[in-house]
Amino acid sequence: MRKVVVFTSLTLDGVMQAPGRPDEDTRGGFEHGGWALPYNDEVMGKVLAENMAGAGPLVLGRRTYEDFYGFWPKQTGNPFTEVLDSTRKYVASTTLAEPLPWSNSTLLEGDAADAVAGLKQQQGEDLTVLGSGELVQSLRRRDLVDEYALLIHPLVLGTGRRLFPDGGGLATLRLTGSTATTTGVLIATYQARRDA
């Protein structure tokens, strides 16, 4: 059975909204977009490259899919572009329709959590969810997340959409690996503990 791995950047207070650009996601009047960029370094680049090289299919929410599609295919000379273009992408959306514009993209049919539960039962490489906060919440409610790979930035924003919002339910996790970057980002991997 495949695992579902959530891979995301977040602040110390759990905010995952708009790490990449000021205009990435301004919902709720969020004004801190692009907060992760000053923390990039060679250590983070190496870890990201290693994870991308061995990653299986991606599972993306609509907003993340459209944001990535609007950016990555236009990047030239970047190794992540080729990897993302060639990677199978499953997209959770109730508003998009087939055919999706980005190569190797498939729209998940019906309820996203049901569709991901079905994908987990298939043979193959693990599924990686990038960003996609609302999708992550629906997967958490169904206990479908097996692992979290978190890039925890030494920053408190005090506002924004969080990975683990209030009322999200109890989750017991086990740390299975960690790496610190030169800029103070802790890259931590946690596995879900279903025996606790």
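The model is predicted, so I keep to what its coordinates give.

**Entry 1: Arg-21 and its partners**

I looked up Arg-21. It forms a salt bridge with Asp-67, with the closest N and O atoms 2.6 Å apart. This pair links distant parts of the chain: Arg-21 sits in the loop between strand 1 and helix 1, Asp-67 in helix 2 (residues 62–71), and 46 residues separate them. Asp-67 counts as buried at 18% relative accessibility, because the cut-off for buried is under 20%. Arg-21 is partly exposed, at 26%.

Arg-21 also forms a salt bridge with Asp-23, where the closest N and O atoms are 3.0 Å apart. Asp-23 is exposed, with a relative accessible area of 55%.

**Entry 2: Asp-25 and Arg-63**

Next I checked Asp-25. Its side chain meets that of Arg-63 in a salt bridge, 3.1 Å from N to O. Asp-25 lies in the loop between strand 1 and helix 1 and Arg-63 in helix 2, so the pair ties together parts 38 residues apart in sequence. Which of the two is buried, and which partly exposed? Asp-25 is buried at 8% relative accessibility. Arg-63 is partly exposed at 35%. Asp-25, Arg-27, Arg-63, Glu-134 and Arg-161 belong to a network of salt bridges.

**Entry 3: helix 1**

I tested the length of helix 1, residues 42–53. At 1.5 Å a residue, its 12 residues should span 16 Å, and the end C-alpha atoms are 16 Å apart, which agrees.

Then I asked where its buried residues point. Met-44, Val-47 and Met-52 are buried. The face turned away from the buried side carries the exposed residues Glu-42, Lys-46 and Ala-53.

I also looked at the N-terminal end of helix 1. Asp-41 caps it, with a side-chain oxygen 3.2 Å from the backbone nitrogen of Val-43.

**Entry 4: nonpolar cores**

I turned to the nonpolar cores. The largest has 26 residues, and Val-6, Val-59, Leu-108, Val-129, Leu-135, Leu-139 and Leu-163 have the most contacts inside it. Strand 1 (4–11), strand 3 (89–92), helix 4 (112–121), strand 5 (127–130), helix 5 (133–141) and strand 6 each supply at least two of its residues. Helix 4 gives the largest share of this core, 6 residues. Apart from it lies another core, of 21 residues, among them Leu-84, Val-91, Leu-151 and Ile-187.

I listed the contacts of Val-6, leaving aside neighbours within four places in sequence. They are Val-129, Val-136, Val-145, Glu-147, Tyr-148, Ala-149 and Leu-163.

Most residues other than glycine have a negative phi, and most peptide bonds are trans. I looked for exceptions.

The peptide bond from Glu-98 to Pro-99 is cis, with omega near -5°. Pro-99 is in the loop between strand 3 and strand 4 (105–107).

Ser-132 has a positive phi, near 55°. It lies in the loop between strand 5 and helix 5. I checked its accessibility: Ser-132 is buried, at 7% relative accessible area.

Asp-143 has a positive phi too, near 55°. Its place is the loop between helix 5 and strand 6. Asp-143 is partly exposed, with a relative accessible area of 43%.

Technical notes. Residues numbered from 1 in each chain as written. Predicted model: local features only at pLDDT ≥ 70, side-chain atom pairs only at ≥ 80, totals over all residues. Heavy atoms only, no water. Helix = DSSP H or I, 4+ residues; strand = E, 2+ residues; numbered from the N terminus. Expected span 1.5 Å × (residues − 1). Buried < 20%, exposed > 50% of the residue type's maximum accessible area, 1.4 Å probe, protein only. Polar contact = N/O pair within 3.5 Å; in protein donor to acceptor, adjacent residues only side chain to side chain. Core = buried A, V, L, I, M, F, W, Y, C linked by side-chain atoms within 4.5 Å. Contact = heavy atoms within 4.5 Å. Salt bridge = Lys/Arg side-chain N within 4 Å of Asp/Glu carboxyl O.
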